[in-house]
Amino acid sequence: MKNKKKYIIISPFFPSDTNHAGSYVYDQVKTLIDITNYDVKVIKVVSIFSNEKDYLFRGIKVKIFRVLDLPFFIFPGIFNFINSFRIKQFFNKHNYLEYLDVIHAHVCYPSAYLANAVSSIVKVKTIAQHHGIDALQLLNGRLSFLTKLQKETLKNRSLKQLNKIGLSLSVSNRVRLALHSYSNYKPKNEFTLYNGVDRGKFYNTNSVKSHDKYLVGSIANFWTIKDHISLIKAIELLILDGIIDIQLKLIGTGEKLQFCKNYVKNNNLSAFVFFEKERPHTLINGFYNEIDLFVLSSYYEASACVLMEAWATETPMLSIKNQGISELIPEYEIDNLLADEKSPYSLKEKILGEYNRKRSYPFDEKYDIKNTIKEFINYSFFKSDD
């Protein structure tokens with residue numbers, strides 16, 4: 001083991017027994033362990049105020065690194081000099097510098113910053129993976145006036161960090177193009193790594209659906225950009241057109257949840273729209289297999305894992321035009337599976353089309369995570385000495 005080259009993951013997200021956030025990162029780590037010869041290590045970055053301790057998750061040891069920062073994403077990176085010094089000590093303490101080959105940072109701040117700090121003392125390949133359209137995290141923060149105040153400083157600071165990284169990894173071309181909208185973004189190398197699916201967790205169970213309703217499902221946080229209200233209104237339009245053997249099941253929490261619940265109650269939709277409790281990630285495959293159609297009405301989506309997961313169960317998945325998933329939809333299916341953003345009427349027409357087809361939608365095995373990671377790990381970047 002000690003002679004294996006090390007592949008270090010630095011991420012603010014990684015699941016635990018009580019929180020499934022970061023499940024895709026876990027799937028990525030597990031696949032890297034399964035199909036490569038790397039000694040893969042995981043570092044989870046948390047706030048200096050966090051009480052989280054090192055833990056073991058499904059055989060993977062997770063080391064905690066506390067980042068010194070002001071709370072609420074206020075002036076992120078202001079203590080970067082101190083955190084850079086501390087992460088170098090951390091790598092030394094845990095013997096991560098020996099046989100170190102790759103540092104794979106998830107999200108720009110703080111992960112890419114920390115990766116660059118380590119690369120200043122040892123020759124190592126560095127990767128920064130961008131999961132969101134707002135890859136520079138300029139919209140993060142709870143205090144809107146401070147978010148606007150620090151925007152320019154954070155943008156310039158983060159672009160300098162990303163320009164040092166060896167490989168910029170985007171989860172869709174939608175994300176890559178968003179980064180290229182900044183004139184000072186000068187990546188050394190780029191690769192688009194779509195969110196692959198663990199086929200051992202998400203698959204068609206071939207179970208016979210026992211319900212007599214056409215079930216539409218959605219899993220998403222109740223945030224403005226997820227636009228649940230357009231989806232609810234689309235179902236309302238179908239009901240008004242006489243389609244009454246249809247139900248919508250929504251899973252998620254967030255600031256817009258009560259607003260949506262009120263709309264359903266006030267418009268007599270309670271027999272058609274249901275707000276379900278969040279399920280453990282291990283039970284989500286059952287949900288995808290229960291429903292007839294999965295819909296994500298988000299209009300600001302880099303590459304939603306839930307769409308890929310639903311697709312893996314051969315459940316048709318409907319999304320919004322010009323989002324990350326649209327890059328994977330065949331041209332002949334675009335009119336069927338992509339709706340206009342913020343348009344209940346467009347969603348209604350697309351749902352009606354799938355309601356009439358009542359079909360399964362075969363998964364493209366190209367997006368099995370074993371295949372996406374294999375393609376990624378065979379990229380020329382890994383064969384270089386940089």
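**Reading the model, feature by feature**

Tutor: Let's begin at Asp 227, which sits in the loop that links strand 9 to helix 6. The model is predicted, so local features need pLDDT of at least 70 and side-chain atom pairs count only at pLDDT 80 or more, while totals for chains, interfaces and linings use all residues. Residues are numbered from 1 along each chain as its sequence is written, and side-chain values use heavy atoms, leaving out hydrogens and water.

Student: What is the phi of Asp 227?

Tutor: The general idea first: most residues other than glycine have a negative phi, and most peptide bonds are trans. Asp 227 has a positive value, near 55°. Phe 73, in the loop between strand 4 (60-67) and helix 2 (80-93), is also not a glycine and has a positive phi of about 60°. Glu 314, which follows helix 9, has a positive phi near 65°.

Student: Is Asp 227 buried or exposed?

Tutor: The cut-offs are under 20% relative accessible area for buried, over 50% for exposed, and partly exposed in between, with a 1.4 Å probe and protein chains only. Asp 227 has 8%, so it is buried. Asp 335, in helix 10 (residues 334-337), is exposed because its relative accessible area is 61%. Its C-alpha atom is separated by 9.7 Å from that of Lys 321, 14 residues away along the chain.

Student: Which peptide bond is cis?

Tutor: The one joining Tyr 109 and Pro 110, with omega at about 5°. Pro 110 belongs to helix 3 (residues 108-119).

Student: Now the sheet. In what order do the six strands of the open sheet run?

Tutor: Strands of a sheet pair through backbone hydrogen bonds, either parallel or antiparallel. Two strands count as paired if DSSP finds at least two bridges between them. Here the order is 11-10-9-12-13-14, with parallel pairing. Strand 11 (273-276) and strand 14 (338-339) are the edges, each pairing on one side only. Within the sheet, strand 9 (residues 214-219) and strand 12 (residues 293-295) are joined in the parallel sense by two bridges, and Val 216 faces Leu 293 of strand 12.

Student: Which strands does helix 6 lie across?

Tutor: Axes are lines fitted to C-alpha atoms, for helices over the stretch in contact, and angles between N-to-C directions run from 0 to 180 degrees. Helix 6 (residues 228-240) lies across strand 9, strand 10 (246-251), strand 11 and strand 12, at about 170° to strand 10.

Student: Which residues does Lys 249 touch?

Tutor: Contact means heavy atoms within 4.5 Å. Lys 249 is in strand 10 and, at 16% relative accessible area, is buried. Leaving aside residues up to four places away in sequence, its contacts include Val 216, Phe 274, Glu 276 and Glu 290.

Student: How many residues of helix 9 are buried?

Tutor: Seven of the eight residues of helix 9 (residues 305-312), so this helix is largely enclosed by the rest of the structure. Among them are Glu 309 and Trp 311. The cover over these buried residues includes strand 9, helix 8 (284-290), strand 12 and strand 13 (317-320).

Student: How many disulfides does the count come to?

Tutor: A disulfide is a covalent bond between the sulfur atoms of two cysteines. The test is a pair of cysteine sulfur atoms within 2.5 Å, and the count here is zero. For Cys 108, the nearest cysteine sulfur, that of Cys 305, is 20 Å away. Cys 108 counts as buried because its relative accessibility is 0%.

Student: Finally, how does the radius of gyration of the protein compare with that of a compact globule?

Tutor: The radius is taken over C-alpha atoms, and the globule rule is 2.2 Å times the number of residues to the power 0.38. For 386 residues a compact globule would be near 21 Å, and the protein's 22 Å agrees. Buried residues account for 54% of the 386. The secondary structure comprises 12 helices and 14 strands. Of the contacts between residues at least 6 apart in sequence, 68% join residues at least 24 apart.

Notes. Helices (H or I, at least four residues) and strands (E, at least two) are DSSP runs, numbered from the N terminus.
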